[in-house]
Amino acid sequence: MTRKTGVFLLASLLALPAFAQNAGGPAVKPDLAVGRQLYEQSCGVCHTKPLVTSGRFGPALSKENLGGQADVMAEVISNGVPQRMPGFKHQFNTTQIRAIVAYVQTLDPPLPDAKPTARATGERRDDN
Ligand code: HEC
């Protein structure tokens with residue numbers, strides 16, 4: 001092996017961890033900042049109230065939804081809910097969906113509303 005090849009191989013080895021971080025898969029910690037950004041872009045429109053007085057189309061999301069089960073939440077995000085929520089499996093890859101789930105699981109459930117909610121005025125889903 002020439003000295004040059006040796007240096008090249010060493011450099012490749014040093015670069016490996018950087019690749020591994022972007023490769024996804026269960027061993028890599030989900031990126032909360034990415035999750036938050038994707039959530040705000042794609043989910044907030046239905047799952048967050050912009051103002052205290054405004055309604056919300058979907059339920060508020062937090063670590064308590066779906067029993068806090070990350071797999072179930074990833075499934076709902078991927079496939080959506082018929083008639084109610086679009087699925088995101090064609091828009092986001094599994095690493096991105098895991099990041100969104102990880103972000104939602106940092107959210108505390110909302111405090112009970114003191115004011116009448118959209119649900120009380122009939123704007124929200126009627127089955128819950
Ligand atoms: C078009 C509006 C809309 C968008 C956009 C949307 N959702 Fe939803 N989502 C809903 C509605 C409505 C429900 C309630 C469905 C039902 O009736 O069970 C729901 C349900 C859920 C649930 C299950 C909650 C529970 O406890 O049953 C999760 C988790 C969820 N959404 C996550 C997301 C995430 C994450 C995103 C963004 C990637 C997203 N949603 C984008 C409307 C939306």
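Val104 is found in helix α5 of this predicted model. Val104 has a relative accessible area of 2% and is therefore buried. Along the chain, Val104 and Leu61 are 43 residues apart, yet their C-alpha atoms are separated by 6.6 Å. The chain has 5 helices and 0 strands, and an iron atom of the ligand is coordinated by His47 and Met85.

**Overall fold**

- The chain has 128 residues, of which 23% count as buried.
- From the N terminus on, its elements run α-α-α-α-α.
- A search of the whole structure finds 0 disulfides.

**Nonpolar core**

- The largest nonpolar core is made up of 14 residues.
- Tyr39, Ile77, Phe92, Ile97, Ile100 and Val101 have the most contacts inside this core.
- At least two residues of the core come from each of α2 (32-42), α4 and α5.
- Helix α5 supplies the largest share, 5 residues.

**Iron site**

- The protein donors to the iron atom of the ligand are NE2 of His47 and SD of Met85, at 2.0 to 2.1 Å.
- The site has 6 donor atoms, and the angles among them run from 85 to 179°, an octahedral arrangement.
- His47 counts as buried because its relative accessibility is 12%, under the 20% limit.
- Met85 has a relative accessible area of 21% and is therefore partly exposed.

**Surroundings of the ligand**

- There are 21 residues around the ligand, and those that come nearest are Cys43, Cys46, His47, Asn65 and Met85.
- Cys43 has a relative accessible area of 12%, so this residue is buried.
- Cys46, at 25% relative accessibility, counts as partly exposed.
- A polar side-chain atom of His47 lies 2.8 Å from a nitrogen atom of the ligand.
- For Asn65, a polar side-chain atom is 2.8 Å from an oxygen atom of the ligand.
- Arg84 has an N or O atom in its side chain 3.4 Å from an oxygen atom of the ligand.
- Besides coordinating the iron atom of the ligand, the His47 side chain reaches the backbone oxygen of Pro59 at 2.7 Å.

- Asp31 lies in the loop between α1 (3-22) and α2.
- The relative accessibility of Asp31 is 40%, so Asp31 counts as partly exposed.
- Asp31 and Gln96 are 65 residues apart in sequence, with a C-alpha to C-alpha separation of 8.3 Å in space.

**Backbone with positive phi**

- Leu66 is not a glycine, but its phi is positive, about 55°.
- Leu66 is placed in the loop between α3 and α4.
- With a relative accessible area of 37%, Leu66 is partly exposed.
- Gln83 is another residue other than glycine with a positive phi, in this case near 70°.
- Gln83 counts as exposed because its relative accessibility is 81%, over the 50% limit.

How values were computed
Residues are numbered from 1 along each chain as its sequence is written. This is a predicted model: local features need pLDDT of at least 70, side-chain atom pairs count only at pLDDT 80 or more; totals for chains, interfaces and linings use all residues. Side-chain values use heavy atoms; hydrogens and water are left out. Donors are N, O and S atoms within 2.8 Å of the metal (3.2 Å for Na, K and Ca); water is not among the atoms, so sites may look incomplete. Four donors count as tetrahedral if all angles lie between 85 and 135 degrees; four count as square planar and six as octahedral if opposite donors are over 155 degrees apart and all others between 65 and 115; anything else is irregular. Buried means under 20% relative accessible area, exposed over 50%, partly exposed in between (1.4 Å probe, protein chains only). A disulfide is a pair of cysteine sulfur atoms within 2.5 Å. A residue is near a molecule or strand if one of its heavy atoms lies within 4 Å of it. A polar contact is a pair of N or O atoms within 3.5 Å; within protein, one must be able to donate a hydrogen and the other to accept it, and residues adjacent in sequence count only if both atoms are side-chain atoms. A nonpolar core is a set of buried Ala, Val, Leu, Ile, Met, Phe, Trp, Tyr and Cys residues joined through side-chain atoms within 4.5 Å. Helices (H or I, at least four residues) and strands (E, at least two) are DSSP runs, numbered from the N terminus.
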